[in-house]
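Subject: Structure for your review

Dear colleague,

Please find below the structure that I am handing over to you. My notes on it follow the display.

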Amino acid sequence: MLRDDPSLPSQSSAALPRGPAGAAAHVRAEGVTLSLGERTVLSGVDVTVSAGSRLAVVGENGRGKTTLLHVLAGDLNPDEGVVSRTGTLALVEQTLEIADDRTVGDLVRDAVGDSLAALERLDAATVALAAGEPGAEDAYAEALEVATVLDAWDAERRIDLALDGLGACTDRSRRLATLSVGQRYRVRLAVVLGASTDLLLLDEPTNHLDADALDFLTRRLRERPGGLAVVSHDRALLREVATTFLDLDPSRDGLPRHYAGGYDGWVEGRRRERERWQQEHDAQLAERAQLEQAAADARARLLTGWRPDKGTGKHQRATRTAGVVQAFNRRVEELERHRITVPEPPRRLSWPDAATRTGRPVLHGRGLTVAGRLERAVDVSLTGGDRLLITGPNGAGKSTLLAVLAGQLEPTHGQLRVHREARVVLLSQEVPPWNPDRTAHETYRAHVDRLLASGGPGQPPSLSGMGLLDAATLRTPVGRLSQGQQRRLHLAMCLSSRPDLLMLDEPTNHLSIALVDELTQALMTTSSAVVVATHDRQMLADLGGWPRLELGASLGEGPPHR
C-alpha cells in the first residue's frame, strides 16, 4: 500500500531509493466527481493533503469518505477532475487482503525496504570512497542524504515500537492468515506508522484497538512530521488530532464544506451553515405560502367578489369583472414563477416524548449470572429517570447483561423482576432479522402495528418525523440499506414505544458523528431510564457524571450497581 509519485519513472533494483519529499509532499484533488453505478458518490471535491495536514474526512455512511481516500491514493480514477501527487503515501484500509504465505516479517520488510536499500547503497558508497574510486564522493553524499532523510538506521526499531504500542504480533515468522482480522489490522497499522512515509491516509484506524493502543495511536499521529487524512467516527481521536475538516454531507449548494479550527470549529461551522440553510429554506416556503394565499384570495374574489350591488349598470359590472380577473391571473402567474431553489435541509433528530415518571419502578435484578458469559453475580435496580453507564473490556459480559435485562436471555442464576407496565427496549449491536425485501417504511409500519396490537402507549411517532431517515431511504428495501441506515431504523423502532427504559449497546457504532452528538444530548434529557454500554471515549467523557457499573474481564470484577 506504499505509493510513490506516479509521475516519476519506476526504479530498477539498482536505482538509488527515493526518499520522502518532506515539506514538498502533497496529494491534491481538484473538481473530483465519481459515480459508482447510477449513484454519484463524490461531486466537486477539492482537497489537498500536504506535509502539515491534519485532515478529518467526515460525513454520513455512504457519502464517499472511503472512496475519496482511494481516489487520493490512486486506486480509483475519478470520472471528472484531476489528482496530483508528490512524495510517498500509504493508505491503511479497514481490511487487509493477504496471501496465504505472507508473514508479519513480509509486511515489515515492505515498510523498511527503502531504508534497507539506502543503507546498502551507503555501505557501498563508503567502500568506494575509501578505495578512492572516481565519483565516489558525490555518490557517498547522495546516499548519505537519502539515508538521513529516511532515518534509515532507526527504521526497524520504529516499527518494533509501533507493534508493541498497538499490541500487535511481533513474531516475524507468523503467517498473516493465522491472525485474526483485528490482529492483522494492528500489524498493518504499526508498520505504516513506523515507516518514513510522507502522507498517511487512514480509514477508521481506531477499529480493533483497545484503550492503550488508542492512546499510542493518538500520540503517534500528533507527533509525526508528515501529513495525514483520516476517516473516523471516533470523536475523541478527531478532537485530539484533526485541525481541519472536510464534510461530505449534503450542503445548500451540493458541494463539500471545509472547516478550520479543529473539532469545535467544525461543529460550530456546521451548525451555523445548517442554521442559515434552514432560514433560507423557511423564507422561501413562507414566500410561497403568501403567494398561494394571495392566489386563493384572488380566486375567491373571482367567484364572489365581482358581483356588483343591485342596480349597478352593465358597464360598471363589466369593468369590475375585468379587474378581478386580471388580479387573479396576476396572482397565478406570480405563483407559477416562484421556485423553491433552496433544497430541504437534513432533519435533526426529533426525540419522541416519554411519559415515564421520575422514580417509577422499572426493573430489579438480583444475583444475575449467565454461565460462561457473566460469571460474577450482578445486582441492578432502575426507576424512571435513572442513568447507568456499563463499562468493561471485551468479554466482560456487557452485552449479555443487557440481553438479560431486556428479557432476551434467561439468567442462569438470579431473579429479574420487570414492572408489569414498564416498556423496556434494547438497541443491540445486531439489527433484528427483518424481511430484506420490505422497505424501511414498511418494516417500521409493521413494527408499529404490532405495538398498537399489544396495547402500546398511544400512537407511535411517524418514521419521517423522527428525522433519522430521509425520504429516499424510507423507500429502500432494508436488505439494501447500509449498516448505518439499518442502525438508524432500529433506533427509530426502539424510540417508537416511548420506552420507560432504553438500553443502548455500543450506540456509536455505524452512526455519524453529528447524530451521535444529537443522541447524546437527548439521552441526558429524556425522562426514560437509560442504560448505555460503550467503549467510545468521547461518550464516556460526555456521560462521565452517570453512575457506573464496571464489569471485569470474564469474572466480572466490578461491584454491583446499587
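The model is predicted, so local features need pLDDT of at least 70 and side-chain atom pairs count only at pLDDT 80 or more, while totals for chains, interfaces and linings use all residues. Residues are numbered from 1 along each chain as its sequence is written, and side-chain values use heavy atoms, with hydrogens and water left out.

Helices (H or I, at least four residues) and strands (E, at least two) are DSSP runs, numbered from the N terminus. Strand β16 spans residues 501–505, and five of its five residues are buried (under 20% relative accessible area, 1.4 Å probe, protein chains only). Leu501, Met503 and Asp505 cover one side, and Leu502 and Leu504 the other. In a regular strand the side chains alternate between the two faces of the sheet.

β16 pairs in the parallel sense with strand β15 (residues 424–427) over four bridges; pairing requires at least two DSSP bridges between the strands. With strand β17 (residues 529–533), β16 forms five bridges, also parallel. Leu502 is the bridge partner of Val425 and stands opposite Val530 in β17.

Helix α6 (residues 211–223) has 13 residues and reaches 19 Å from first to last C-alpha, close to the expected 18 Å (1.5 Å times one less than its number of residues). Its buried residues include Leu214, Leu217 and Leu221.

Yours sincerely

Technical notes: Buried means under 20% relative accessible area, exposed over 50%, partly exposed in between (1.4 Å probe, protein chains only).
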